[in-house]
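Subject: Structure handover

Hello,

Please find the structure below, followed by notes on what was found in it.

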Amino acid sequence: MAEVILSSGEKTFILHGIDADFRNDGRRQCEYRSMEIETKLMPQTHGSARLRIGNTDILVGIKVELDIPHADKPNEGKLEFFVDCSATATPAFEGKGGDDLATEISNILTAAYQTRNAFDLRTLCILPHKKCWKIYVDVLVNKIKLKY
């Protein structure tokens with residue numbers, strides 16, 4: 001994951017904030033950011049949702065199609081993730097700046113969903129060796145424009 005380098009002043013501010021039960025956005029240590037979840041936003045998908053948490057806006061679209069199972073996994077369907085970190089989320093994502101993070105998030109999601117405890121790909125099998133469902137999960141990480 002991308003390394004964030006903090007100055008000694010930033011580290012001191014964070015440590016003093018912990019001692020004072022105060023975060024830089026005004027929340028206490030145990031307070032969560034408010035969240036907003038909306039669903040069924042994009043009619044051209046089989047499912048969609050938007051999560052707003054803090055200044056971050058995450059939009060997810062799901063599409064499903066028929067496919068042929070992998071030869072080495074004839075009883076399983078397929079699940080594919082694509083993540084895009086929008087340049088509007090942070091200046092660091094401008095150009096190709098968000099590509100590495102997006103690829104890393106996509107790889108982490110793929111690895112997390114390879115275990116049957118998270119999602120059993122066998123439930124996507126229609127006819128072993130012949131037909132299965134392939135689910136595409138598209139994720140857009142964006143930033144909310146704040147009104148002043």
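Asp21 counts as partly exposed, at 24% relative accessibility; here buried means under 20% relative accessible area, exposed over 50%, and partly exposed in between, with a 1.4 Å probe and protein chains only. The model is predicted, so local features need pLDDT of at least 70 and side-chain atom pairs count only at pLDDT 80 or more, while totals for chains, interfaces and linings use all residues. Residues are numbered from 1 along each chain as its sequence is written, and side-chain values use heavy atoms, with hydrogens and water left out.

Backbone and position

Asp21 sits in the loop between helix 1 (8-19) and strand 1 (35-39). Helices (H or I, at least four residues) and strands (E, at least two) are DSSP runs, numbered from the N terminus. The phi of Asp21 is near 55°, a positive value in a residue other than glycine. Lys40 is not a glycine either, and has a positive phi of about 55°. Lys40 is placed in the loop between strand 1 and strand 2 (47-53), and is exposed, with a relative accessible area of 78%.

Leu124 belongs to the loop between helix 2 and strand 5. With 8% relative accessibility, Leu124 counts as buried. Between the C-alpha atoms of Leu124 and Lys40 there are 22 Å, and along the chain the two are 84 residues apart.

Salt bridges

A salt bridge is taken as a side-chain nitrogen of Lys or Arg within 4 Å of a carboxyl oxygen of Asp or Glu. The count by this rule is 11 salt bridges.

- Asp21 is bridged to Arg28, with 2.5 Å between the closest N and O atoms.
- Asp67 and Lys78 form a salt bridge through their side chains, at 3.0 Å from N to O. Asp67 is in strand 3 (residues 56-67) and Lys78 in strand 4 (residues 78-85), so this pair ties together parts that are 11 residues apart in sequence. Asp67 counts as buried at 19% relative accessibility, and Lys78 counts as buried at 14%.
- Arg116 is in a salt bridge with Asp120, where the closest N and O atoms are 3.5 Å apart. Arg116 counts as partly exposed, at 46% relative accessibility.
- A network of salt bridges links Glu36, Glu38, Arg50, Arg52 and Asp57.

Aromatic pair

Rings of Phe, Tyr and Trp (its six-membered ring) pair if their centres lie within 6.5 Å; planes under 30 degrees apart count as stacked, over 60 as edge-to-face and the rest as tilted. There is 1 aromatic pair in the structure. It is formed by Phe81 and Tyr113 and is tilted, with 5.4 Å from centre to centre and 40° between the planes. The pair links distant parts of the chain, 32 residues apart: Phe81 is in strand 4, and Tyr113 is in the loop between helix 2 (99-112) and strand 5 (125-127). Phe81 counts as buried at 12% relative accessibility, whereas Tyr113 counts as partly exposed at 31%.

Pockets

On a 1 Å grid over the protein atoms alone, a pocket is an open set of points where a 1.4 Å probe fits, with protein on both sides within 12 Å along at least five of seven lines; lining residues have an atom within 4 Å of a point. Grid points are joined across faces, edges and corners, and a volume is the space filled by probe spheres set on the points. For the classes, Ala, Val, Leu, Ile, Met, Phe, Trp, Tyr, Cys and Pro count as nonpolar, Asp, Glu, Lys and Arg as charged, and the others, Gly among them, as polar.

The largest pocket holds about 220 Å³ of space. Its lining is made up of Arg23, Asn24, Asp25, Arg27, Arg33, Ile53, Gly54, Asn55 and Thr56, that is, 1 nonpolar, 4 polar and 4 charged residues.

The volume of the second largest pocket is about 190 Å³. Phe13, Ile14, Gly17, Ile18, Phe22, Arg23 and Asn24 line the second largest pocket, with 4 nonpolar, 2 polar and 1 charged residues by class.

Cysteines

With a disulfide defined as a pair of cysteine sulfur atoms within 2.5 Å, the count is 0 disulfides. Cys125 is in no disulfide, and the nearest cysteine sulfur, that of Cys132, is 6.8 Å away, too far for a bond. Cys125 counts as buried at 19% relative accessibility, and Cys132 counts as buried at 0%.

Regards
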